Amino acid sequence: MEVRKVEPKVLDILRISAFQLLFLDKIPASAAVNEGVRLCRALGYSRAAGYVNAVLRRLSSDRSIPEIPGPTARRLSIRFSHPLWLVEELLSHLGDGETEALLKADNAPCPVTLQVNTLKTEAPALVESLAADAVAAQTLAEFT
């Protein structure tokens with residue numbers, strides 16, 4: 001079925017469910033598929049429920065991100081969720097490899113930073129306390 005023939009809300013359900021299947025590892029595939037079908041029916045698109053079920057089950061069986069066709073800038077823009085103009089600018093200055101590495105790093109989670117309340121404890125003591133709870137931590141002096 002052509003994308004332009006699918007109802008916008010059904011497309012939204014497919015996009016959200018596909019994101020869950022491809023990028024969220026704590027949601028079981030069956031739950032993402034079932035929720036997508038349930039949402040489809042709840043929003044009054046019962047006729048599209050079978051289509052949503054088929055698309056999501058097919059996607060859940062493979063779970064690999066398909067290669068995006070087209071020019072490098074468009075592909076990187078879609079893959080890493082950055083504006084096309086920015087990707088084009090980065091490509092012109094950095095080239096393909098460095099741009100892809102930069103975009104990937106930009107999407108990586110940031111480290112958590114804590115500020116020690118020195119009225120209650122000192123940084124080394126807090127690091128030891130966190131280590132006792134199996135939390136890896138380091139002071140800024142150790143970090144730099």
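Here is a short chat between two colleagues about this predicted model.

Colleague: Hi! What is the secondary structure of the protein chain?

Modeller: Hi! This is a predicted model, and its protein chain has seven helices and zero strands. Along the sequence the pattern reads α-α-α-α-α-α-α. The chain is more spread out than a compact globule, because its radius of gyration is 22 Å, well over the 15 Å that the globule rule gives for 144 residues.

Colleague: And what box do the C-alpha atoms fill?

Modeller: Roughly 65 × 40 × 25 Å, taken along the principal axes.

Colleague: How many of the 144 residues count as buried, in percent?

Modeller: For the protein chain that figure is 22%. The chain exposes about 10800 Å², and carbon and sulfur atoms supply 57% of that area.

Colleague: What about contacts between residues at least 6 apart in sequence: which share joins residues at least 24 apart?

Modeller: In the protein chain, 42% of those contacts do.

Colleague: Switching to charges, how far apart are the mean positions of the positive and negative ones?

Modeller: They are 15 Å apart, with 16 positive and 17 negative charges in the protein chain.

Colleague: Is His82 buried or exposed?

Modeller: Buried, because its relative accessibility is 11% and the cut-off for buried is under 20%.

Colleague: Which side chain does the His82 side chain join in a polar contact?

Modeller: That of Asp106, at 2.5 Å. Leaving aside residues up to four places away in sequence, His82 touches Asp106 along with Ser77, Val87, Leu103 and Asn107.

Colleague: Nice. What is the phi of Ser81?

Modeller: Ser81 has a positive phi of about 55°, although it is not a glycine. For background, most residues other than glycine have a negative phi. Ser81 is also in the loop between H4 and H5, and at 63% relative accessibility it counts as exposed.

Colleague: Which other residue has a positive value without being a glycine?

Modeller: Ala134 is one, with phi near 65°. Ala134 lies in the loop between helix H6 (123-132) and helix H7 (140-143). Ala134 is exposed too, with a relative accessible area of 74%.

Colleague: How far is Pro83 from Asn117, C-alpha to C-alpha?

Modeller: The separation is 40 Å, with the two residues 34 apart along the chain.

Colleague: And Pro71, is it buried or exposed?

Modeller: Pro71 counts as exposed, because its relative accessibility is 55% and the cut-off for exposed is over 50%. Pro71 lies in the loop between helix H3 (46-62) and H4.

Colleague: What separates the C-alpha atoms of Pro71 and Glu122?

Modeller: A distance of 53 Å, for residues 51 apart along the chain.

Colleague: Last stop, Leu126. Which helix is it found in?

Modeller: Helix H6. Leu126 is partly exposed, with a relative accessible area of 25%.

Colleague: Which residues does Leu126 touch, not counting those up to four places away in sequence?

Modeller: Val116 and Thr121.

Colleague: And where is Thr139 relative to Leu126?

Modeller: Thr139 and Leu126 are 13 residues apart in sequence, and their C-alpha atoms are 9.2 Å apart in space.

Note on methods:
Residues are numbered from 1 along each chain as its sequence is written. This is a predicted model: local features need pLDDT of at least 70, side-chain atom pairs count only at pLDDT 80 or more; totals for chains, interfaces and linings use all residues. Side-chain values use heavy atoms; hydrogens and water are left out. Helices (H or I, at least four residues) and strands (E, at least two) are DSSP runs, numbered from the N terminus. The radius of gyration is taken over C-alpha atoms; the globule rule is 2.2 Å times the number of residues to the power 0.38. Buried means under 20% relative accessible area, exposed over 50%, partly exposed in between (1.4 Å probe, protein chains only). Contact means heavy atoms within 4.5 Å. Accessible areas come from the Shrake-Rupley method with a 1.4 Å probe; for residues, only the protein chains shown count as cover. Lys and Arg count as positive and Asp and Glu as negative; His and the chain ends are not counted. The place of a charge is taken as NZ of Lys, CZ of Arg, CG of Asp or CD of Glu. A polar contact is a pair of N or O atoms within 3.5 Å; within protein, one must be able to donate a hydrogen and the other to accept it, and residues adjacent in sequence count only if both atoms are side-chain atoms.
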